[in-house]
Amino acid sequence: MAQDKEVLLKYTNPAKDFNEAMPIGNGRIGGMVYGGIEKDLIGLNEDSIWSGGLRHRVNPDSLEGLKEVRELLFKGDIPAAEKIAFSKMQGINPNSRHYMPLGDLTIDFTNENGHKTNYSRTLDIENAIATVKYNNGKTEVTRQYLASAPDNALIIHLTASEAGKITCIAGIDGRDDYYDNNRPCGENMIMYTGGCGSRDGIFFAAVLGASCKGGRLRTLGNKISIEDADEVTFALTVRTSFYEYSLCAEGDKLNADPELSGNKYEGRAIDDAKKALAKTFDEIKKAHIEDYKKYFDRVELLLNDNSDGARKLPTDERISRLSGNGSIIKKAPADNKLMELYFNFGRYLMISGSRPGTQPLNLQGIWNKDMWPAWGSKYTVNINTEMNYWPAESCNLSEFHEPLFDLMERVCENGRKTAKEMYGIEKGFVCHHNTDIWGDTAPQDEWIPATIWPMSGAWLATHVFEHYEYTGDIKFLEKKYHLIKEAAEFFTEFLIEDSEGRLVTAPSVSPENTYMTDKGIKGCLCIGPSMDSQIITVLFEDVIKASEILGVDKDLADKLKEMLKRLPKPEIGKYGQIKEWAVDYDEVEIGHRHISQLFALYPADLITPKKTPELAKGARATLERRLSNGGGHTGWSRAWIANMWARLYDSEKVYENLVKLLGNSTNPNMFDNHPPFQIDGNFGGEAAIAEALLQCTNGEIILLPALPKEWSEGSVKGLRAKGGYTINMSWKNGKISSAEIIADCDGECDVRIGDDAKHLTLKAGECSVVGVR
């Protein structure tokens, strides 16, 4: 087996568009590197640049509408219920704020007139550095791009093999009429400032500074001009008013140096650039690599190379090859190493796209080119945002989960008001299917299949206890317990009795899907969709367990235990499938992208082959029915499906769906293609690979539960299991050859390999070797 890691994206031409450009980021500042020869473009983002301030959008007629809608739903008058809901319950302004780009950094190379050869463009995800190289006649030109967290800057370093060969003009622009000013702001520095709409909105300052060896450097109008230099370093820095006014996470370190004069965010952007340019590129690069690798090197996956030499091809050609290049083939060619690269790329995106103290990953992370992006590039919290964080714990990037919890604090604060004003509920909080940087919780859009869904706060809250389960961090649980408690408290008042005496949600939807009644009526709004009860079950169980661990709220825990008995359980429908609605309706679109009724299978573990075999059989039937009718046609949906097959221990289906994810739903730059680009599919695919190798369900740690036969030989180091365990293992001929279980703290665990189970008692720091062959 080839023992070298697959960590390089490589191309032989400049990017023609966003879907070919290479992403770099430091968690807050993002760049898309196009690598043009005569004109280079770096698309710029900063994570807090959104379209305006917080909107208070709760419809004042919601309480009246709630009562009417419930009555109509129980009468079975779906059209009338939906009409009332979308006049009295939707937001009075249908949209929360949306994410926006910062602009474009362009570098025009005015002396690139020779014959260009040997062009290469690479992204080294082991060191988080993008590189462009080519020959201009006899001169070799090299450009390196990185986004440094230690230096709060995006850095571009230009060199040439001959002295005096670098001549260029650089500037920032690209936001049309949204900018305020673009001007020199100091020696060899320009500043680009702008605002994002309303007076209470977000304002930014971006600074581009440069230093060079040899040649001449100066500002020229609102650009930086360099002539005949030997070597050039650009530093791009950004600060915003969002962070300035301490609206970010507690403990944020972006607000240092409070004595800076002028607009503080402008002063800080200038100061960042000055500090970066006072260092050599080698110093910046060294600190950047050390900072990045302390996270990236935690996990190492190695798969046997079965690509028949395709590994030598450019990345875009490998992806195209996996899709069959449009030809009719019965089976896609193999390329395990491309899957390994995809897994590593997901970890790269998480480290680069969001860090503690910054904003969580939205629909596109920190890589968005559009002033009005698809779906606002918001936090879509009826699966997409949650999917972004599926691999955070299992893939050993636990602290990168923290920005989501910080956003949840804002969601909780606003959601308390929404719960009271919209539903008349005094305790707890609610959030609908989207939120924004401010934590907006009112219904988003005017779209019947999605808008009136009060479950997002509950789903987000399940991430709190999951983080505790992986880390055992009792201080974290104490600090964030109120999030799961308040999410549950909302449902103690919101749930109502249905005709069978069960406690159900109403009104709600099964996210984005439409059903057909036996009378031929199409509807979305409903009573008690299956996903709702499954989410609430997990949430209530989390609160009960947390209550016992912390020794608090016994009365609440007892109340939730009683309510759990009355929640609907997953049921088998007329097609052998898991029912999606309380009534066994038909789907209008059988191959719908959402498979919400299988939340119980993944990410939850209410359905497992071992514990609930009949329901697992129903989950399989659900997947087969969806897929045979065109399901999995979006990237994120295909990734979710791969995770579900892993939970059913179907290694062949895991592999088949990963091949389709990479071959049919992955752009040349490895970004997930919804279409358009959505980053959740990347993280969902990464999570599926991890699930095939390691699962933690129903109190067991399961090794190689769904290993594809194509991954016949390999190893993985650093995956995490619930209970605070790190797993290192290797396998040959599809069987475990050795495995190590390393404990963070004292505890007991059950480890299963195939049909063999072993109970372990470990002390903190202790390592147990299992499965040696």
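A salt bridge is taken here as a side-chain nitrogen of Lys or Arg within 4 Å of a carboxyl oxygen of Asp or Glu. By this rule, 55 salt bridges are counted. The model is a predicted one, in which local features need pLDDT of at least 70 and side-chain atom pairs count only at pLDDT 80 or more, while totals for chains, interfaces and linings use all residues. Residues are numbered from 1 along each chain as its sequence is written, and side-chain values use heavy atoms, with hydrogens and water left out.

One of these pairs joins R566 to E497, with the closest N and O atoms 2.7 Å apart. Because R566 sits in helix α14 (residues 554–566) and E497 in strand β20 (residues 496–497), the bridge ties together parts that are 69 residues apart in sequence. Helices (H or I, at least four residues) and strands (E, at least two) are DSSP runs, numbered from the N terminus. Another pair, R720 and D744, meets at 2.6 Å, N to O. Here R720 is buried, at 10% relative accessible area, whereas D744 is partly exposed, at 40%; buried means under 20%, exposed over 50% and partly exposed in between (1.4 Å probe, protein chains only). Salt bridges with shared partners also link D4, E6, R311, R318 and D335 into one network.

Turning to helix α6 (residues 315–322), its buried residues are T315, R318, I319, R321 and L322. They lie on the same side of α6, because they cover an arc of only 160° around the axis, taken from the directions from the helix axis to the C-beta atoms. Just after α6, G324 adopts a positive phi of about 90°.
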